[in-house]
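Good morning, and thank you for making time for this presentation. Please have the structure open in your viewer as I speak.

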Amino acid sequence: MTQATKFDPRLAPLTQQVKSMANPQQVYYDKAGIRAEKSEGVWNLYRYEDILKVNRHPAVLGNGGQGGSFGHDAPLIPLEIDGEEHAKWRRILDPLFSPKQVALLEPQIRGLARDLIGKFASRGHAELHDEFCEPLPSLIFLRLFGAPIEDFEFFLEFKNGVIHPEGETVEEIEANMAVAGAKLVEYFINYLDERRKDTEEKNDVIGVLLRSEKDGKPIPQEDLINLIFLFMFAGLDTVTASMSCILAWLGQHPEERDRLNADRSLIPAAVEELLRYESPVPSGQRHIRAEIDLGDGLVLKPGDIVHAFWAAANVDPTHHKDPLTVSFDRERNTHMVFASGTHRCLGSHLARLELRLALDEIFDHIPDFVVEDPEKLVYDNVSVRTVQKLPVRFTPR
């Protein structure tokens with residue numbers, strides 16, 4: 001499959017190479033040893049320090065360097081906005097996802113986790129992706145965001161349509177993304193009209209955005225749609241992916257699982273380490289506007305496209321000590337799971353909270369969960385690294 005006029009990381013050679021690998025970390029590790037290479041006119045960067053320098057450079061654009069994506073022609077806010085405009089949007093959005101704000105969700109997260117686990121705890125087996133990893137963060141996000149929970153299946157269909165589009169050719173993939181995107185835009189145009197008629201002041205994200213101003217004026221409808229479009233697939237996908245990877249790893253390493261259960265104070269460090277090792281979002285793209293000298297003869301030129309592999313940076317032996325070993329006692333865990341620089345993940349605090357609480361509740365109710373047959377795990381490493389099929393067994397309760 002070849003690239004279209006726009007660069008799509010999902011079609012990159014390395015992405016396709018590791019597409020369904022259960023353990024791609026060795027491949028990424030080997031690439032970090034190469035440092036960088038050019039493929040189909042795109043610079044692939046693999047080392048932590050190089051990617052960090054690019055991410056923080058003022059003359060670098062994010063995804064917006066090539067216009068809209070994911071089946072939506074307009075720039076997605078704030079992912080595809082750069083410079084001062086990006087800073088303005090982050091000043092509006094960052095407080096909505098601050099540590100203090102997301103901490104208020106703990107009772108909801110714990111309550112929903114218990115309810116979900118309660119549906120399968122007595123069976124002694126479960127398919128954790130579908131029964132836990134997908135509904136927990138997705139339903140929490142919809143409540144936080146202010147989208148109708150009763151339309152949960154519609155939102156999942158949209159998310160899968162733009163993150164994991166079907167199609168045998170680039171044209172088919174782009175067409176299917178456009179169809180999924182158009183359905184969501186139509187849905188939220190109507191939904192925002194209804195919310196504006198509601199006289200009750202609500203403090204969910206949509207409610208706050210409807211009352212917010214940018215440059216002294218209410219946020220225009222088009223910008224609200226561009227914000228919502230991004231939030232709906234980011235909020236419904238990445239935490240699910242992270243949770244599935246972490247639980248799959250622990251289910252295959254019972255000694256480390258039992259260590260965490262015995263000492264819950266290790267959970268935050270374990271979450272960070274497993275995020276580093278699994279790298280649920282493997283890569284991202286950047287666009288170069290001015291010459292950047294990365295040293296030792298590696299120079300990026302204006303107009304260059306960079307495919308930055310966070311997954312390789314997270315197992316880069318020039319930055320991490322013994323990176324292919326998972327250690328909950330790692331002293332300096334400066335991973336790049338949530339990207340870095342101006343486009344650092346807006347929802348990182350929420351993701352960390354959900355992952356920590358999910359593990360705590362799993363240990364409370366099914367502490368001896370185990371992956372009996374690793375061959376039955378189904379991995380997808382395109383766009384996000386997800387364990388799409390995660391069957392486990394445990395002592396019934």
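This is a predicted model: local features need pLDDT of at least 70, side-chain atom pairs count only at pLDDT 80 or more; totals for chains, interfaces and linings use all residues.

The second largest pocket has a lining of 13 residues, and those nearest its centre are Q16, K19, P165, I173 and V382. The space in the second largest pocket comes to about 310 Å³. By residue class, its lining consists of six nonpolar, three polar and four charged residues.

I turn now to the aromatic pairs, of which the structure holds 15. One of them joins F145 and F231 in an edge-to-face arrangement, with 5.4 Å from centre to centre and 75° between the planes. F145 belongs to helix α8, residues 135–145, and F231 to helix α12, residues 221–235, so this pair ties together parts that are 86 residues apart in sequence. Both F145 and F231 are buried.

A further pair is formed by F155 and Y187. Why is this pair edge-to-face? The ring centres of F155 and Y187 are 5.3 Å apart and the planes stand at 85°; an angle over 60 degrees counts as edge-to-face, so the pair is classed in that way. F155 lies in helix α9, residues 152–163, whereas Y187 lies in helix α10, residues 170–197; the pair therefore ties together parts that are 32 residues apart in sequence.

Are these two residues buried or exposed? F155 is buried, at a relative accessible area of 0%. Y187 has a relative accessible area of 19%, and it is buried because the cut-off is under 20%. F155 and Y187 also belong to one aromatic cluster, together with F154, F188 and Y191.

Let me return to helix α12, which carries F231. Its 15 residues should span 21 Å at 1.5 Å a residue, and the end C-alpha atoms are 20 Å apart, so the two values agree. How many of the 15 residues of α12 are buried? Eleven are, and the helix is thus mostly covered. Among them are L224, I225, N226, M232 and G235. Against which helices do the buried residues of α12 pack? They pack against α4 (83–93), α8, α9, α10 and α11 (205–211).

My last item is E361, which is placed in helix α17, residues 348–365. This glutamate is buried, with a relative accessible area of 0%. Leaving aside residues up to four places away in sequence, E361 touches R110, A113, R114 and I117.

Definitions and conventions:
Residues are numbered from 1 along each chain as its sequence is written. Side-chain values use heavy atoms; hydrogens and water are left out. On a 1 Å grid over the protein atoms alone, a cavity is a set of points where a 1.4 Å probe fits but cannot get out, and a pocket is an open set with protein on both sides within 12 Å along at least five of seven lines; lining residues have an atom within 4 Å of a point. Grid points are joined across faces, edges and corners, and a volume is the space filled by probe spheres set on the points. Ala, Val, Leu, Ile, Met, Phe, Trp, Tyr, Cys and Pro count as nonpolar, Asp, Glu, Lys and Arg as charged, and the others, Gly among them, as polar. Rings of Phe, Tyr and Trp (its six-membered ring) pair if their centres lie within 6.5 Å; planes under 30 degrees apart count as stacked, over 60 as edge-to-face and the rest as tilted. Helices (H or I, at least four residues) and strands (E, at least two) are DSSP runs, numbered from the N terminus. Buried means under 20% relative accessible area, exposed over 50%, partly exposed in between (1.4 Å probe, protein chains only). Contact means heavy atoms within 4.5 Å. The expected span of a helix is 1.5 Å times one less than its number of residues.
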